[in-house]
Amino acid sequence: MKITLLQRDICWADPAHNRARLDKVFAGVEKSDLYVLPEMFSTGFCTQPAGIAESGNSETLAWMCKVAAERDCAIAGSVAVEENGTYYNRFYFVYPDGTIRSYDKKHLFSYGGEHLCFTAGKERVVVEFRGVRMLLQICYDLRFPVWTRNRGDYDMILYVASWPTSRVEAWNLLLRARAIENQCYVAGVNRVGTDPSCTYCGGTVLIDPYGKTVAECETGRECEVSGSVDMEQLEVYRKKFPVLGDADAFDLG
């Protein structure tokens with residue numbers, strides 16, 4: 001499966017403008033099976049979502065469905081969503097036939113106050129597309145390996161993020177740790193630019209199960225990068241070196 005990661009700047013609290021900018025990107029980007037956008041790609045990362053978050057049937061979600069249908073691909077990224085007065089940081093995974101799967105961020109970023117207005121998700125979500133099973137995760141989830149632990153139910157983790165420059169070394173290291181410990185591919189898509197609180201330098205990368213870089217974006221600028229997920233190679237590696245079979249048993253409360 002071919003995957004394209006889109007490292008983008010985000011215009012604060014302006015979904016229409018951000019969608020229009022992405023339309024220009026998609027007009028020139030190469031054909032891929034899956035496109036992945038950053039966290040809250042339509043608004044920027046907002047911890048005070050009133051007046052900024054979109055509805056559950058937003059124009060942004062309709063746009064994602066349109067792109068997926070026109071390009072015969074899947075498209076993924078998180079959006080700030082309001083439903084009946086409750087706010088969620090929601091990771092959408094949209095299929096070309098219009099099917100929508102979603103994951104609500106489990107670990108809300110309390111240091112930045114995200115937990116004060118948003119409601120945490122409770123369900124771990126794995127989607128399957130064109131032979132690859134993918135675990136959906138958002139930004140701060142990266143710091144919690146128990147929630148992410150591979151139970152034999154996925155082949156790749158998708159992380160979408162607004163991870164600031166000041167902590168980018170943690171982003172770089174933890175993405176590789178998650179790939180190695182879970183014997184899986186990891187795609188990490190981070191934004192660039194600035195918002196009212198932070199500066200972002202990217203670090204968007206596709207990592208293989210050995211922790212090696214398959215493809216990466218240039219630091220500090222908007223760009224796109226593509227790479228392939230080799231399922232045959234992954235299966236050979238897991239059978240040859242069956243680490244997951246020796247994992248500790250645990251239950252999530």
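1. The lining of the largest pocket in this predicted model is made up of 12 nonpolar, 5 polar and 5 charged residues. The space in this largest pocket comes to about 320 Å³, and among the 22 residues that line the pocket, those closest to its centre are Phe45, Thr47, Phe109, Cys198 and Tyr200.

2. The second largest pocket holds about 150 Å³ of space and has a lining of 13 residues, with Asn172, Gly203, Thr204, Val205 and Glu216 nearest its centre. Helix H5 (168–182) and strand E13 (205–207) are the elements that each give two or more residues to this lining, and H5 gives the most, with 4 residues. Sorted by class, the lining of the second largest pocket has 6 nonpolar, 5 polar and 2 charged residues.

3. There are 13 aromatic pairs in the structure. One of them joins Phe93 and Phe129, whose ring centres are 6.2 Å apart and whose planes stand at 70°, over the 60 degrees required, so the pair is edge-to-face. Because Phe93 belongs to strand E5 (residues 86–94) and Phe129 to strand E7 (residues 126–129), the pair ties together parts that lie 36 residues apart in sequence. Phe93 is buried at 0% relative accessible area, and Phe129 also counts as buried, at 6%.

4. The rings of Tyr140 and Phe144 also form an edge-to-face pair, because their planes are at 85°, with the centres 5.1 Å apart. Here Tyr140 is buried, with a relative accessible area of 17%, whereas Phe144 is partly exposed at 28%.

5. Elsewhere, ring pairs link Phe26, Tyr35, Phe41 and Trp63 into a cluster. Lys106 lies over the face of Trp147, 5.3 Å from the ring centre, while the charged end of Lys212 sits over the ring of Tyr210, at 5.8 Å from its centre.

How values were computed: Residues are numbered from 1 along each chain as its sequence is written. This is a predicted model: local features need pLDDT of at least 70, side-chain atom pairs count only at pLDDT 80 or more; totals for chains, interfaces and linings use all residues. Side-chain values use heavy atoms; hydrogens and water are left out. On a 1 Å grid over the protein atoms alone, a cavity is a set of points where a 1.4 Å probe fits but cannot get out, and a pocket is an open set with protein on both sides within 12 Å along at least five of seven lines; lining residues have an atom within 4 Å of a point. Grid points are joined across faces, edges and corners, and a volume is the space filled by probe spheres set on the points. Ala, Val, Leu, Ile, Met, Phe, Trp, Tyr, Cys and Pro count as nonpolar, Asp, Glu, Lys and Arg as charged, and the others, Gly among them, as polar. Rings of Phe, Tyr and Trp (its six-membered ring) pair if their centres lie within 6.5 Å; planes under 30 degrees apart count as stacked, over 60 as edge-to-face and the rest as tilted. Buried means under 20% relative accessible area, exposed over 50%, partly exposed in between (1.4 Å probe, protein chains only). A charge sits over a ring if NZ of Lys or CZ of Arg is within 6 Å of the ring centre and within 35 degrees of the ring normal.
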